[in-house]
Amino acid sequence: MRGALDPRPDKILHSSDRSPSLGGIAICPPDTQQHASESPASSPFRRAAQVKLGAVTFPVSNGDAASQDQESCEVEIDGARRRIRFHDYERVYEVPGLYERLFRDELGARSPEVVCELLGEQLEAEGTDASKLRVLDLGAGNGMVGEELKRLGVGSVVGVDIIDGARDAAQRDRPEVYDDYLVADLSEPTPEEHARLARHEFNALVTVAALGFDDMPPRAFAVAHNLIPRGGWIAFNVKEEFVGDGDTTGFGAFLRRMVESGVIEPQARRLHRHRRSITGEPLHYVMVVATKLADVPLDWAEPPK
Ligand SMILES: C[S@@+](CC[C@H](N)C(=O)[O-])C[C@H]1O[C@@H](n2cnc3c(N)ncnc32)[C@H](O)[C@@H]1O
């Protein structure tokens, strides 16, 4: 098992420090990273989209790049042009294939693949058979991560997302992927929701591109973490800035405390390009695969007063 790594990017992620290797852990040069492009048609898990998606255009910048959660585009859907804000997930998921088209095809997003690849590498290094994993996919969206987990060969995957449209899209587009899919806010799960998840006896938590912004607060991540037993796997990625010193989401301090207090032990960490912004700038995320060592007190996840 590799030693614990501090997830603070200032230790590894200075722009001058994006070297191919650090402390024995390879760091992919984020902007040159190549991944096999998955053809949706070749996916054994994904149903073909039933709508016709035409040209996508991005607003011309007036010099001020839109913040990541305000980005939008115009797209032709069945012949009509519509403006879509990226973080309006309900509207994105309701159009089959739109999420994949915008984020993967237009903006080069590869987070589901690369986080699951890193998890797969660590399982192999530890001699763990992927089929033994019972995974909680937190912020599961329309199932792209679940699909990658199934490709990795995990035994079962359960999705959780806060919006109905995510579950509906996953069931519509990838009906074979999830063993169960719960719509809930894990910040405050009801006893019934908690019991439903606990029955799955997870031994791994995976959360991709869902932490921070107005998305997932640290508390939802903490509740999910506590559903995993000691020795289980925790794999996630998070925007580089959110684990830096200037972070305002609360994730930086929360994750740092989890590592420094021995709640998780990172096994591997890599900087990667999550996707491009609409102006073509790389958006970097840090991905981490860790072993769970202890439950996390929920009050650590409270927003700073
Ligand atoms: C960018 S999408 C990522 C989806 C998927 N993980 C992927 O990588 O394709 C973020 C997802 O997190 C979900 N989400 C946001 N806040 C959440 C919360 N508190 N609990 C569960 N899911 C949440 C959103 O609804 C959205 O589907």
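**Around the ligand**

Let's start at the ligand. It has 22 residues around it, and Gly139, Gly141, Ile162, Ala210 and Asp215 come nearest. Which elements give two or more residues to this shell? Helix H4 (111-126), helix H5 (144-152) and strand E7 (156-161). By class, the shell residues divide into 15 nonpolar, 4 polar and 3 charged. Keep in mind that this is a predicted model.

**Two helices from the shell**

Now stay with H4 and H5. At what angle do H4 and H5 pack? At about 35 degrees, with their axes 9 Å apart. The crossing of H4 past H5 is right-handed. On the H4 side, the contact is made by Pro112, Glu113, Cys116, Leu119 and Gly120. H5 brings Met144, Val145, Glu148, Leu149 and Leu152. Look at the spacing of those numbers. An α-helix has 3.6 residues a turn, so residues three or four places apart point the same way.

**A covered helix**

Next, helix H8, residues 218-225. Is H8 mostly covered or mostly open? Mostly covered: 8 of its 8 residues are buried. Among them are Pro218, Phe221 and Val223. Arg219 and His225 are on the buried list too. What do these buried residues pack against? Three of the partners to find on screen are strand E6 (134-138), strand E9 (204-207) and strand E10 (233-239). Helix H9 (251-260) and strand E12 (282-292) are partners as well.

E12 takes us to its neighbour, E11. Strand E11 covers residues 264-276 and is mostly covered, with 10 of its 13 residues buried. E11 and E12 run antiparallel, joined by 11 bridges. One to find on screen: Ile264 has Lys292 of E12 as its bridge partner. Between the two strands of this hairpin sit 5 residues. Also in the hairpin, Gly280 takes a positive phi near 90 degrees.

**The whole chain**

Now zoom out. The protein chain has 9 helices and 12 strands. Of its 305 residues, 43% are buried. How far apart in sequence are the residues that touch? Take contacts between residues at least 6 apart in sequence: 66% of them join residues at least 24 apart.

That's the tour. Over to you for questions.

Technical notes
Residues numbered from 1 in each chain as written. Predicted model: local features only at pLDDT ≥ 70, side-chain atom pairs only at ≥ 80, totals over all residues. Buried ≥ 20, exposed ≤ 12 C-beta atoms within 10 Å, placed from the backbone. Helix = DSSP H or I, 4+ residues; strand = E, 2+ residues; numbered from the N terminus. Contact = placed C-beta atoms within 7 Å. Near = placed C-beta within 6 Å. Nonpolar A, V, L, I, M, F, W, Y, C, P; charged D, E, K, R; others polar. Axes fitted to C-alpha atoms, helices over the stretch in contact; angles between N-to-C directions. Left-handed = near helix turned anticlockwise from the far one by under 90°. Pairing = 2+ DSSP bridges.
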